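My notes follow the structure.

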Amino acid sequence: MRNKKSTFVFLVLCLVSINSKAQLNDSSAFVPKNSGLYPKKMEAIMNTISVSGYYRFLGCYTQMKDQYPEFGDVKNRVFLGDDSNIPQLMLTIGGRPSKTTSFSTDLYLWTPMSGSQTDYVKGLNLGVNLTGTHSTKYGTFSVRTGGIHWYTISPFTFASNTGYNRFSVYERNPWDPAMKTVYDRYHKFYSDGALTQDTRWGQQAFQGFILDGVRLPKQFSFAYMYGKSQFNGGALPTPNALMAGKIKKEFKNNFVSINGISSKTYTDSLARLALGYNLVTTEFKFAWKEMQLLGEVGTGNYFSPTATGKWGEAMDIKLQFSKEWTHFPLEVRYFQISPNVINNNGVFWNSSIQEYNDNFTGEATPGSQTSLIPFASSLVSIGQMTNNRRGVILNMDMAVKKHKLTIGYSAASELVALSDKITYGHPANNLALSRFWRWGFPAGVGPYGNVNKIYRGVYETVQITDSITAKGFNSLEISYKTEFKLFGKDMLVFYLGGMHSVQSKFSPLPKYSKAAYLQSYNNQLEFYYLLFPKVILSNYFGYDRIIANNQTVLDIVSNKAKNQEGFSYAIGLDLQLAKNTGLYIKHRWMKYQDYSFSLDHYKGTETTVELKIYF
Amino acid sequence: MKNILTVIITLIAVSSFSQEDKKVQYVGGARSIISNADFSSDQEDTVTSRKNSGGYALIDLGFKINPNASTEILGMVRIKNAFGGFWGSGVTFDVRQLYVKGVVKNALRYQIGNIDYKLTPYTFYNHNADLLVQSSSVLKIKEEVLNYESFYKNNTWRQQGAAIDFAFQFPKVVDEIKVNAFITRLNPSNLGNILERLYGGGNVIFTQSKYLTLGFNHVSIFDLKNTALNDNAYRNNVSSVSYKATLDLKKNIFGISGESGISSSALSLDTSGGLKDYFINIQANFQNKKSGLKVHLGYMDNGADFRSFGAQSKRVDFNQLNNFYERYTNDQIIRPLSNYDLYNDPTLYSNSITTGIMAYNPAVNNVLPYGIATFNRRGLFAGLTVSNKQKSVKFDANYYRLGEVRGQGTIKLRSFNSINSTVEFNFSNIFNWKKEQKLTAGFAFQDTKRTSDLAFEQIALKSTTLNLGLEMELVEDLYLLANSYYFKSKGNELMPVRNSEGEIINFTPLNISGEELCLAGGLKYNFTPSIYLAAIYESNTNSFSSVSSYRYNQFYIYYIMKF
């Protein structure tokens, strides 16, 4: 009894709150019992935290018989780890302090296995994220702050390009999500025409403050964001931020939205010379019987201490017909983006505006520039738009029994003659070639200093010696997929072909001749054979051919234009070791040669081993 | 002995360890701040950036591990992500706190590692001497961030060391005897000239009954000899008696409380014996139960050589430079710490015990710059707290009429007047509104004088602080916030210049004249009482610099979680 009484007295005394302004000489400050260890009462506790993530080991061994001179005589290389930002262990840690709020962070750990016990890298990938939602009778409002949130406003303002799903799936992406079986990844690509992607697909990374409201009265919704995209990043204290938002009104299955983005930074440390861009658009979708009109139209400008800030147009309009009308789904698309419109956070590339770059000298770090240095006149895959270009795109999908075919055709031209360069890729060996240069993203490499490395790819630049014109671009892309049984086991065959031409002016039809500055042809054939329920044998054949004409720079020895040919054959095994655990072994033979430029050739093999475990 | 019941008073702690039988639980907080400021000054300035943006997001994730029912280990990591740091850049990992605590044989509570500790206002206490007015509305958010960052809670100091406590209960004469003891490390030895410095002490508390409590307190800062190549070891001892006697009658409560003691501080090679002095603080308290009226009247006498660095260390060292717009104008003059900085920059605050007299700003607090433990102060003080029945109006005021015990550089003594008051109007209670509507006004006034026929002895300094804060609940959990903070100071002071031993070796004349005004407004949404989002805009002007006034506007977004 005595114990209980004294404990009670103690508890009461412990819970006496003490004025923190002891300056005021509160008499409770002198209560001797208010001394000792604190806190004297139990603090709030959260019982559960969720941890998920993945482990991914990637080892790569390259044996080159023939390689670029810049690599010297060292022809065999071991790489452990993928390109930047790809950890071996990713832990996503999250908690819910209340029913409507949450926090999360992600911890990555990476070791290059250099033999040193101290050679580790740790960090955050997406940073520290805080979220909160609040539901009312007027709608549901949510707020996101902190680290990187994946978000989209509209294609032109804040989104990433999703394209037409015409790509090779032989090489695995670091972000490929776990599937039920290793075969599901390929079969889903066959059956759905697309891969299952993680949450970032089609979205852009954003850091700052996002407030959005959905299920508002009259089917309205809105979003507002203030902060930084990866192009506004960096540690400078001068403001470098963007503001974006949208108001959307839905009409059953249709909608109209007004979207805007404005990015501003300063080129000087005194914050007097402003640099940035604005873009205001309307996005819409109207369906009528078997037809659908959708797209986005807007206007934008770019301003800098040296730019006038002139406004230009941006439009992307699609007319889609269902197969009930045309026997197969057909899309007719027109796009036109003024050279004055720039937004690296949107789905189109900048090919017109050279960044005003007085202050940002030295090696670029992620997010250190507000706009990218332009890609010159880029030879891009169908669906990838650039500014200073307009064009028509036709797309159709056909399926006959187990045969699936998608065909895309585009004819486009530049609006203004700006660049005397064309950039293009090498699809057959694109990823393997990018692994030649670890770990940075160098520009101007290769035997002739015209190769630039980007994330998981390279592009090459060819100089035009002709007078600068508004060039024309034509592309034909074909994707074919089929499924059948071979010796009683499932097999998938995918073919991907592309035929492109770049010429001095617009042409409705491609110029597959020396009339084109550049012709690019590529063929990629893939087989996936289900050897056993948890084992897939994969094969890949790649071939690309690039031919330039005599209005491009010629080799000083041969006096001939680029004439490039690349081969690739790869074979691999996908093994499902356990639930959510896959082992992927691939071996590639590659060969490339430019028959005009004598130094531009390589030949060798690459073996990769990937172990990926989701939890 | 049979009549003596040994009871551990920490049953609450024991029970908390085994809550829901979970071995690992989580505590901590998360915060995201984005800010955007623009700055300008009266003088031509082509050097200072006009605009500044910044921010961060952080998580403090603490793992509370209970290996058994009577032990708890807490390790808390801080993961901080700078605004603008993408893909892992701008990320820092830190250990925010680490401790183990537990109960031995249901009889002794201990904690090792980080400890939050205090004893009494004159021995070991974290006084809040520089934020004189009650924070409300926007300032309350900022002060919460400051307090969280520096572990300021209940006037404790966050230290690294160990502490124990235990208690005995008795059936007669004395209800309880409680013992608190601690030892912390202030600095390690550098194996050269810096000795290992520790801070230890404790108290014994006799609770005779609910009417009388006595505490015998002792603390000591001391160097461990032979831990470095230095024989001159420092020691600062403080011993005191604290007490609270209460007479609880039917309608009123009368009481006496206070603390008195002695201090000494010296270096072992100091032949003069160092500094020794005493302090007295006694106050009579009265409380009317019906009206809620509380009055206290007291007397304090803190000797000129009274040194107790566990109670005299300041939260802010005023010798440090600002982190935000540290310099401005074309001459790049230093921008001194302002009240605005005190509320906005948690990095200005420290939780270290400083063995020495810390710098202070006489414009901010010249009367009691080290709290009520300020040395060389003698005089009367009084206080009043009153609220009406509906708790719709609360009023609180404290007045100090003090003087110096010993003149500084002269036999003339400074005299001080200080008043702090807060009045809070709770309109919800006045008008029976369901939503919270609160207006808080805080006022502080300080006056320092030293009169003399000699001009160099004359000191006259006045400071006024006024803070108005409004919190209006617009719709459920959504609040409109408005704040007006005004600070004015005018006059002169002679600031002592001290050597490393704390002795005054000179005086620097200081002329102060300026005003600071901060107007702030915004919205705050409470997801829960401890999780909220706030968007705040504020405008600040400051004319304290004799070279150039300056102003800046700032926009903030706060998202704060505690869990």
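**Ground rules.** This is a predicted model, in which local features need pLDDT of at least 70, side-chain atom pairs count only at pLDDT 80 or more, and totals for chains, interfaces and linings use all residues. Residues are numbered from 1 along each chain as its sequence is written, while chains are lettered from A and ligands numbered from 1 in the order in which they are written.

**Chain A overall.** I looked up the secondary structure and found 4 helices and 30 strands in chain A. Helices (H or I, at least four residues) and strands (E, at least two) are DSSP runs, numbered from the N terminus. The C-alpha trace of chain A spans about 100 × 55 × 55 Å along its principal axes. Of its 615 residues, 41% count as buried. Buried means 20 or more other C-beta atoms within 10 Å of the residue's own; exposed means 12 or fewer, and partly exposed is in between, with C-beta atoms placed from the backbone. I then took the contacts in chain A between residues at least 6 apart in sequence: 61% of them join residues at least 24 apart. A contact here is two C-beta atoms, placed from the backbone, within 7 Å.

**A:Glu606.** I asked where this residue sits, and found A:Glu606 in strand E30 (residues 601-614) of chain A. Why does A:Glu606 count as buried? Because A:Glu606 has 24 C-beta neighbours inside 10 Å. Leaving out residues up to four places away in sequence, A:Glu606 touches A:Cys60, A:Thr62, A:Ala432, A:Arg588 and A:Met590. I also checked A:Asn429, which is 177 residues from A:Glu606 in sequence and 11 Å from it in space, C-alpha to C-alpha.

**A sheet in chain A.** I traced an open sheet of 4 strands in chain A, in the order E17-E21-E23-E22, with mixed pairing. Strands pair if DSSP finds at least two bridges between them. Strand E17 (377-378) and strand E22 (451-454) stand at the edges with a single partner strand each, so one side of each has no neighbour in the sheet. E22(A) pairs with strand E23 (residues 457-463) of chain A in the antiparallel sense over 4 bridges. One bridge there joins A:Lys453 to A:Val458.

**Where the chains meet.** How many residues does each chain put into the contact? Chain A gives 73 residues and chain B gives 92 residues. E6(A) gives the most to the chain A side, with 8 residues. By class, that side has 33 nonpolar, 33 polar and 7 charged residues. Nonpolar here is Ala, Val, Leu, Ile, Met, Phe, Trp, Tyr, Cys and Pro; charged is Asp, Glu, Lys and Arg; the others, Gly among them, are polar. A:Gly36 has B:Lys118 as its bridge partner in E5(B).

**Cores.** I looked up the largest nonpolar core and got 85 residues. Such a core is a set of buried Ala, Val, Leu, Ile, Met, Phe, Trp, Tyr and Cys residues joined through C-beta atoms within 7 Å. Among those with the most contacts inside it are B:Leu58 and B:Tyr559. E25(B) supplies the largest share of this core, 6 residues. A second, separate core of 33 residues includes B:Phe182 and B:Tyr400. Back at B:Leu58, I listed its contacts beyond four places in sequence; they include A:Val128, B:Ala30 and B:Ile79.

**Helix H2 of chain B.** I checked its length: the 14 residues of H2(B) (residues 137-150) should span 20 Å at 1.5 Å a residue, and the end C-alpha atoms are 21 Å apart, which agrees. The expected span is 1.5 Å times one less than the number of residues. Its buried residues include B:Val138, B:Ile141 and B:Leu146. Among the elements covering them are helix H4 (339-344) and strand E25 (550-562) of chain B. Just after H2(B), B:Phe151 takes a positive phi of about 60°.

**Hairpin in chain B.** E12(B) and strand E13 (residues 294-302) of chain B pair antiparallel over 9 bridges. B:Asn281 is bridged to B:Met300 in E13(B). The hairpin has 5 residues between the strands, and B:Gly292 takes a positive phi near 80° in it.
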